Amino acid sequence: MASGDEEATQAFYALYEALDDLLRGKGTQKMNGLWHHADYVTSSHPFGDWARGWAEVWATWEEGAAVWSVYRGHAERTDRIGGIHGLRVALRGDTAYGTSVFRSKLYMTEGELDLKVNCTDVVHRIDGVWKVVHHHADQAPPAWQARIGQMVQLGHS
Amino acid sequence: MPTGDVSSTENEAGGFRVAITPTLLSVYAWGYWSPEVADAFTREATAIGQKLMRVSAFAVDAAEMKPQGTEGQEALRVLFKVLATMNVAKGTLLANNVFTKMQIVRLLRECGLDQRVSSNT
């Protein structure tokens with residue numbers, strides 16, 4: 001049987017696996033299932049402001065999926081779009097928080113677009129299941145945000 | 001906001017105000033729209049088509065708006081589809097939240113209105 005530490009660590013990695021699915025156009029179902037659907041959950045992504053409460057948080061993940069639905073750079077790639085590195089987990093009872101560095105690589109028409117941001121995530125053990133209640137990533141550099149905005153405007157990557 | 005024909009709906013999470021002058025449609029939107037606010041906006045957007053015979057421009061101030069869920073997006077689509085069928089020459093979009101701007105730009109593109117809109121952040 002896995003320890004609380006191990007289970008919480010798995011929950012953090014599952015969050016970023018769900019993000020990779022979302023970016024690859026594989027849907028948001030996995031992401032939906034990982035989160036606690038409550039009024040106190042919060043998120044902030046590499047662009048945009050705070051989302052507070054499940055309705056707002058979920059809107060940002062769905063919009064993320066919509067934004068990346070026009071990205072075509074992953075069509076023939078076999079490596080992950082992104083993932084976390086150096087995850088450190090602190091467990092306190094039924095709460096755990098994890099700090100990590102998220103790195104991603106996007107293949108745009110003009111070349112690679114890299115991102116490296118610090119992330120903090122919090123999971124709660126609710127009825128024996130670790131659920132995400134908080135996700136925060138640093139704001140991406142303005143140039144990266146502008147390039148993603150351009151992708152949305154153009155309707156292709 | 002210009003004066004003229006004005007309507008608004010809001011709750012603690014978000015809302016909108018729509019003002020129509022003889023030449024300009026102005027939409028000020030903020031927060032996160034509940035299904036009830038989104039429904040009110042849909043009704044307003046549907047009625048707008050009958051009020052805008054001479055309007056030549058529109059402005060969407062979404063500086064304080066958050067990315068919307070399904071209902072809010074559908075309400076905005078109703079407005080953009082109405083505007084896309086009308087002889088409205090140009091529009092402006094103000095959005096401070098990059099996520100919100102991306103969402104509205106996407107909806108404008110889906111509705112065939114993106115070429116008429118300039119955005120300011």
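**A guided reading of a predicted complex**

For the complex, the predictor reports an ipTM of 0.85 together with a pTM of 0.90. In chain B, the mean pLDDT is 90, and 93% of the residues reach 70 or more.

As a general matter, nonpolar side chains in soluble globular proteins tend to be buried together.

The reader may now turn to chain A as a whole. Chain A is built from four helices and six strands. Followed along the sequence, these elements take the order α-α-β-β-α-β-β-β-β-α. The radius of gyration of chain A is 16 Å, close to the 15 Å that the globule rule gives for 157 residues, so chain A is as compact as a globular protein of that length. Along the principal axes, the C-alpha atoms of chain A fill a box of roughly 50 × 30 × 25 Å. Of the 157 residues in chain A, 34% are buried. When contacts in chain A between residues at least 6 apart in sequence are considered, 54% of them join residues at least 24 apart.

The two chains meet in a contact that takes 18 residues from chain A and 14 residues from chain B. On the side of chain B that touches chain A, six residues are nonpolar, four are polar and four are charged.

Arg77(B) is found in helix α2, which spans residues 70-84 of that chain. Is Arg77(B) buried, exposed or partly exposed? With 16 other C-beta atoms within 10 Å, Arg77(B) is partly exposed, because a residue counts as buried at 20 or more such atoms and as exposed at 12 or fewer. Not counting residues up to four places away in sequence, Arg77(B) touches Leu107(B) and Cys111(B). Arg77(B) and Ala45(B), which are 32 residues apart in sequence, lie 9.2 Å apart in space, C-alpha to C-alpha.

How values were computed:
Residues numbered from 1 in each chain as written. Chains lettered and ligands numbered in written order. Predicted model: local features only at pLDDT ≥ 70, side-chain atom pairs only at ≥ 80, totals over all residues. pLDDT = per-residue confidence, 0-100. Helix = DSSP H or I, 4+ residues; strand = E, 2+ residues; numbered from the N terminus. Contact = placed C-beta atoms within 7 Å. Nonpolar A, V, L, I, M, F, W, Y, C, P; charged D, E, K, R; others polar. Rg over C-alpha atoms; globule rule 2.2 N^0.38 Å.
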